[in-house]
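The sequence and structure are shown first.

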Amino acid sequence: MLGGQYSSLDRDRPLVRVSYSSFTLVTVLLPLIGLVACLFISLVYHFEESTYTHCLVSNYLPSISAAISCVPERYIWRCCIGLHSAPRFLMTATYFSFYRCCFAKKLPELLLSGLVLLCSLTENSGLLLLTYVSSTETYIVHKNGFIVFTASSLLHMLLTCRLWHVISRHSVNPEETKSYRWKVRLFLFNVSCCLAAAYFFRRHNELCEPGVYTLFALFEYLVVFSNMAFHITIIWDFKSREVIVATPPEDKRY
């Protein structure tokens with residue numbers, strides 16, 4: 001009965017068709033919304049618990065680890081990252097395919113694109129590890145997950161900027177030039193915030209001064225927000241692309 005109602009052309013039409021920009025925007029907004037929600041709930045309902053420091057000095061902002069360790073913040077964050085991680089792996093594969101096309105005849109850049117792929121996979125895996133093992137459950141595992149995430153994120157951004165430097169030199173597309181410039185700005189800002197966060201974290205542990213851990217938490221937020229902004233530059237890289245679920249050409253019925 002259904003076979004008589006639908007032609008082969010109807011059956012071969014795309015089942016899902018979404019612009020890559022919209023797909024990417026939703027993917028990046030998930031952790032942003034989750035983090036803002038966790039910080040808000042921690043500050044309003046779990047202020048004392050989330051801002052506690054080991055040396056009992058004044059602190060006014062929770063670290064991200066503390067903000068995502070309480071309940072229900074822990075489950076909000078895990079839900080958002082769980083939904084975010086699968087599309088992130090697809091974004092990683094998309095970039096790798098794009099780089100292979102761009103640098104098919106350039107071995108150094110092709111090798112770099114493979115390293116970018118590895119860094120991106122490691123970054124996403126580190127994010128999953130620090131998300132699903134909170135600091136209050138197994139601190140050493142959570143800490144190592146955070147280190148893996150941060151280190152692979154910085155290396156990923158650095159190598160990505162290098163590849164896009166090469167692309168922008170041979171590109172006439174203003175969107176690609178804009179993307180490269182913002183990638184560089186966000187990478188430099190991210191590095192600066194990482195250094196500031198590391199400085200205040202070390203100073204807090206060594207001197208235990210009031211308010212210093214608050215500055216660490218603030219720069220930690222900026223590290224994560226700039227990382228998200230870096231990833232959202234993909235909307236310029238694949239502005240005209242789409243995510244499509246459809247019948248492969250070789251399997252279509254004519």
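Which element gives the most to the lining of the largest cavity? That element is α10, with five residues.

## Basis of the values

This is a predicted model, in which local features need pLDDT of at least 70 and side-chain atom pairs count only at pLDDT 80 or more, while totals for chains, interfaces and linings use all residues. Residues are numbered from 1 along each chain as its sequence is written, and side-chain values use heavy atoms, with hydrogens and water left out.

Rolling a probe the size of a water molecule over the atoms shows where empty space is left. On a 1 Å grid over the protein atoms alone, a cavity is a set of points where a 1.4 Å probe fits but cannot get out; a pocket is an open set with protein on both sides within 12 Å along at least five of seven lines; lining residues have an atom within 4 Å of a point. Grid points are joined across faces, edges and corners, and a volume is the space filled by probe spheres set on the points.

## Largest cavity

By this rule there are three cavities of 30 Å³ or more. The largest holds about 220 Å³ of space. It is lined by 19 residues, with W77, L127, F149, V224 and M228 the closest to its centre. Two or more lining residues come from each of α3 (20-45), α5, α6 (73-102), α7 (107-132), α8 and α10; helices are DSSP runs (H or I, at least four residues), numbered from the N terminus.

The lining of the largest cavity divides into 12 nonpolar, five polar and two charged residues. Ala, Val, Leu, Ile, Met, Phe, Trp, Tyr, Cys and Pro count as nonpolar, Asp, Glu, Lys and Arg as charged, and the others, Gly among them, as polar.

## Second largest cavity

The second largest cavity has a volume of about 170 Å³. Of its 17 lining residues, M91, Y95, S120, H156 and H231 lie nearest the centre. The elements giving two or more residues to this lining are α6, α7, α8 and α10. Here α6 gives the most, with six residues. By class, the lining has eight nonpolar, seven polar and two charged residues.

## Largest pocket

The volume of the largest pocket is about 930 Å³. Its lining comprises 33 residues, and S65, Y139, F201, Y213 and F216 are the closest to its centre. Contributions of two or more residues come from α4 (47-50), α5 (64-67), α8 (139-169), α9 (174-207) and α10 (212-232).

The largest share of this lining, nine residues, belongs to α9. The lining of the largest pocket has 16 nonpolar, 12 polar and five charged residues.
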